[in-house]
Amino acid sequence: MGVVVILGTGGTIAGTGPDPSAPWRYTAAQLSIDQLVSAVPGLAGVPLEARQVAQVDSKDMGWSVWQDLGRALAAELARDEVDGVVVTHGTDTLEETALLLHHLVDVPKPVVLTAAMRPATAVDADGPGNLRDAVGLVRAAAAQGRHGVVAVLAGRAWAGAEVRKAHSHEVDAFDGGGAPALAETDAQGQWPQAMPVWPAALARGWALLALARPPRVELVCSHADADGWLVDALLAHSRSGSPTERLRGLVVAATGHGTLHQGLEAALGRAEQAGVVVWRSSRTAQGGVLSREGDRWPAAGPVTAAQARVALLLSLLSPVA
Ligand code: SIN
């Protein structure tokens, strides 16, 4: 039996509050990864190693934490005795980190993100069960030869390129944007004996995280009265700033299947003329924007707008052939 490594980055799963019956009053990222692991009796006897990579509320997630996480993952996944890695994370930006890892992981081993909607001090904390399920999924995946990046919450495993937070406060808060879960635990909390093959990670490698600062990519939204004022303000600010800070990409969360307010579309055209790469995603909860003949700007595919921002940023660092 190989080792499962658990990397802690903070989040509500590591959060604490003063009143167990008022789980909405808490501070995220307080307990260490060792404390989280020792609170799950079901993990006793499993060969585990835990490391603290960061301790953040994931609303504050950013490039430097991703660099630290990338370094830790590269080192752990390269160890022969490691079957796979669990990453504990906040729920708020889990989908962005999951998409990032889906692009970068370059070793055929399971990487399972997990999180919690209630802090560790809540009477009905969901973190311990999610952590147990995540470790169980790494073990099941390693035994069945499954690999790739997935996220486990509330007894279901979602592909890293599809997972998203779909509810702001329910415990069962995640879905696949219309795509089904890859696997579900049974009534005993066990993963299926024969899981489907997981989507393979894109193996673009950790070197993409090497720059001290990523290219600046911003997110704008098409909406009633979206006349492009914000885009023009971004362009003006970008022109007056330092060259390293210059705006390089814009993802627009478009209406429906990629349509844009005409005022915003005109401003995006000006951005493109100024050298900014424009991609379209959708502000609609499911489906994203798929490519169609005659598109003025590339469609980001089924991912969320926040995930599209990560994908565009990576593509500016290294275009996909
Ligand atoms: C966070 O994303 O770190 C806080 C919220 C959560 O984990 O549910």
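Which residues is Ser58 in contact with, leaving aside its neighbours within four places in sequence? Here are my notes, with that one taken up in point 3.

1. Ground rules. This is a predicted model, where local features need pLDDT of at least 70, side-chain atom pairs count only at pLDDT 80 or more, and totals for chains, interfaces and linings use all residues. Residues are numbered from 1 along each chain as its sequence is written, and side-chain values use heavy atoms, with hydrogens and water left out.

2. The ligand site. Gly11, Thr12, Tyr26, Asp57, Ser58, Gly90, Thr91, Asp92 and Ala116 sit around the ligand, going by a heavy atom within 4 Å of it. That shell divides into 2 nonpolar, 5 polar and 2 charged residues. As for distances to ligand oxygen atoms, a polar side-chain atom of Thr91 lies 2.5 Å from one, and a side-chain N or O atom of Thr12 is 3.0 Å from one. From Ala116 it is a backbone N or O atom, 3.3 Å from a ligand oxygen. Taken alone the ligand exposes 250 Å², and the protein buries 95% of that; the areas come from the Shrake-Rupley method with a 1.4 Å probe.

3. Ser58, back to the opening question. Its contacts are His89, Gly90, Thr91, Asp92 and Thr93, once neighbours within four places in sequence are set aside; contact means heavy atoms within 4.5 Å. Ser58 belongs to the loop between strand S2 (48–56) and H2. Helices (H or I, at least four residues) and strands (E, at least two) are DSSP runs, numbered from the N terminus. With 2% relative accessibility, Ser58 counts as buried. The cut-offs are under 20% relative accessible area for buried and over 50% for exposed, with partly exposed in between (1.4 Å probe, protein chains only).

4. Thr88. This residue is in strand S3 (residues 82–88) and is buried, at 1% relative accessibility. Not counting residues up to four places away in sequence, Thr88 touches Ile6, Leu7, Gly8, Thr9, Gly10, Ile13, Ile33, Thr114 and Leu131.

5. Helix H3. Is this helix enclosed or open? Of the 11 residues of H3 (residues 94–104), 11 are buried, so the helix is largely enclosed by the rest of the structure.

6. Phe174. Strand S8 holds Phe174, a buried residue at 4% relative accessibility. Phe174 and Glu95 are 79 residues apart along the chain, yet their C-alpha atoms are separated by 9.4 Å. Beyond residues up to four places away in sequence, Phe174 touches Thr91, Leu94, Leu153, Arg156, Trp158, Val163, Arg164, Lys165 and Ala166. Thr91 is also one of the residues around the ligand.

7. Domains. The assignment gives domain 1 (3–206) and domain 2 (215–317), with bounds that come from an automatic or database domain assignment. Their C-alpha centres lie 30 Å apart. The contact takes 16 residues from domain 1 and 14 residues from domain 2.

8. Leu264. In helix H6 (residues 262–273) you'll find Leu264, which is buried with a relative accessible area of 4%. Leu264 touches Cys221, Ser222, Ala226, Asp227, Gly228, Val231 and Val252, again not counting residues up to four places away in sequence. Leu264 and Leu230 are 34 residues apart in sequence and 8.7 Å apart in space, C-alpha to C-alpha.

9. Two backbone angles to look at. Most residues other than glycine have a negative phi. Ala29 has a positive phi near 60 degrees, and Asp225 has a positive phi near 70 degrees. Both are in loops: Ala29 between strand S1 (3–10) and helix H1 (33–38), Asp225 between strand S10 (216–221) and helix H5 (229–240). Ala29 is buried, at 9% relative accessibility, whereas Asp225 is exposed, with a relative accessible area of 68%.

Definitions and conventions: Polar contact = N/O pair within 3.5 Å; in protein donor to acceptor, adjacent residues only side chain to side chain. Nonpolar A, V, L, I, M, F, W, Y, C, P; charged D, E, K, R; others polar.
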